[in-house]
Amino acid sequence: HLREEEFEKLENMTARVGGQSRIRLIGWSEIEILLCALGIYVCYIRYGILHEKLFKTPYEPDGAHFRYPTGLIGIQCVMNALFAALPGLVLAKQPLTTPMWKFAGAALTYMSAMLFSFMALQHMSYPMQALGKSSKMIPVMLMGIVIRGKKYKLRDYLCVGLITGGVLLFSMKKASAGTDSHSSPMGMTLLCLSLLMDGLTGPVQEKIVEQHNPTSHQLMFYQNLFSIFWIGIVLGITGEFGRTRDFLLSHPTAVRDVLYFGLASAIGQNFIFYTVRNISALACTTITTTRKFFTILISILWFKHKLSLRQMFAVGMVFSGIIWEAVSKHRARMARSMEKAKTS
């Protein structure tokens, strides 16, 4: 039986819902992060499918394949900016006080991360690149300490270690005969630069929010606007702008897939920027890092494939990290609620 003092604490933490008193075991913060995760998973699973389709489909009339990743990034940034323009510029209720050079800096690190990642693929196999990108929670955490002076508990480091290690272990494949798994020093250097830029982007965005408090759509619009500027320079230097344009003009069926791809990106970015602004960059990176893990896991369960012992251990690591973090944050929220109840 609960003691009288405990009953009083619980009563102070209750809310009137439909005339009845109920304990708020789940708060808005838990619902918020679940909705953000769901939105990111749905949009970027579709995004990944369309990305693969674009590069593997032989398009009529001549069966040519789309081979212009930088051009695709440019189109993606244009669509992202267009989707954020109305709520970010016209409907925004607060004036923008952020200096434009800060958005330009965030866009530069964001674009650099993608470009270095694409360049790394020229010098290493895709499995190696994917494994390396799975560890981007670590640079995001480290850059948060360096740039924003954030302090993390030992639990946070252990949770990140469990999730990162689990995703890496789950994604690893045994090298088989004829499988190209090389990774040259140049490839590893480019991959490390990509991870560094990933690590910088989230904390830079958080600092902009902390100092100037733009809305998530203002942050999304201006970052993508400057991303168009940076990628435009690359497209102009490489000549890929013209090649992308000519391919789409001569292959109309590819235009539909490109537009659907951009749409998935634009909707997904709404959830990403909301998460960065209202929760944290590390939470956003956790969601995007575990997306591929859950995609593969759902595929395995759906098609009734067998999990290896290594993959089962990896699943346990990832879920342990996620559940530990979620339970710890829930307990912290409940403790804060009880403190407020005491003082009210």
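Trainee: What is the length of the polar contact that joins the side chains of R155 and D156?

Mentor: A polar contact is a pair of N or O atoms within 3.5 Å; within protein, one must be able to donate a hydrogen and the other to accept it. Residues adjacent in sequence count only if both atoms are side-chain atoms. The side chains of R155 and D156 are joined by such a contact, at 3.1 Å.

Trainee: What kind of model is this?

Mentor: Residues are numbered from 1 along each chain as its sequence is written, and side-chain values use heavy atoms, with hydrogens and water left out. Local features need pLDDT of at least 70, side-chain atom pairs count only at pLDDT 80 or more, and totals for chains, interfaces and linings use all residues, as this model is predicted.

Trainee: Where does R155 lie, and which residues is it in contact with, leaving aside neighbours within four places in sequence?

Mentor: R155 lies in helix α7, residues 154–171. Helices (H or I, at least four residues) and strands (E, at least two) are DSSP runs, numbered from the N terminus. With contact meaning heavy atoms within 4.5 Å, and neighbours within four places left aside, the partners of R155 are W324, E325 and S328.

Trainee: How many helices and strands are in the protein chain, and what percentage of its residues count as buried?

Mentor: The chain holds 13 helices and two strands. Buried means under 20% relative accessible area, exposed over 50%, partly exposed in between (1.4 Å probe, protein chains only). Of the 344 residues, the buried share is 44%.

Trainee: Which residues have the most contacts inside the largest nonpolar core?

Mentor: A nonpolar core is a set of buried Ala, Val, Leu, Ile, Met, Phe, Trp, Tyr and Cys residues joined through side-chain atoms within 4.5 Å. The largest one here has 24 residues. Those with the most contacts inside it are L54, F66, L72 and F247.

Trainee: Which elements give two or more residues to this core, and which gives the most?

Mentor: The elements are α2 (28–56), α10 (240–250), α11 (252–278) and α12 (281–302). Nine residues is the top contribution, and it comes from α2.

Trainee: Which residues is F66 in contact with, leaving aside neighbours within four places in sequence?

Mentor: F66 is one of the residues with the most contacts inside the largest core. Leaving aside those neighbours, its partners are L54, F55, Y59, L72, T244, F247 and L248.

Trainee: Which residues form an aromatic cluster?

Mentor: Rings of Phe, Tyr and Trp (its six-membered ring) pair if their centres lie within 6.5 Å; planes under 30 degrees apart count as stacked, over 60 as edge-to-face and the rest as tilted. The structure holds 10 aromatic pairs. One cluster is formed by F55, Y59, F66, Y68 and F247.

Trainee: Is Q205 buried or exposed, and which side chain does its side chain make a polar contact with?

Mentor: Q205 sits in helix α8, residues 185–212. Its relative accessible area is 6%, so Q205 is buried. Leaving aside neighbours within four places, Q205 is in contact with L219, Q223, F273 and V276. The polar contact, at 2.7 Å, is with the side chain of Q223.

Trainee: Which residues does S216 touch, not counting those up to four places away in sequence?

Mentor: S216 is found in helix α9. S216 counts as buried because its relative accessible area is 13%. Beyond four places in sequence, S216 touches F273, Y274 and R277.

Trainee: How far does helix α9 reach from its first C-alpha to its last?

Mentor: Helix α9 covers residues 216–238, 23 residues in total.

Trainee: Where does N213 lie, and what is its phi near?

Mentor: N213 lies in the loop between α8 and α9. With a relative accessible area of 36%, N213 is partly exposed. Its phi is positive, in a residue other than glycine, and lies near 50°.

Trainee: What is omega near for the peptide bond from E60 to P61?

Mentor: P61 lies in the loop between α2 and α3 (69–90). The bond from E60 to P61 is cis, with omega near 10°.

Definitions and conventions: The expected span of a helix is 1.5 Å times one less than its number of residues.
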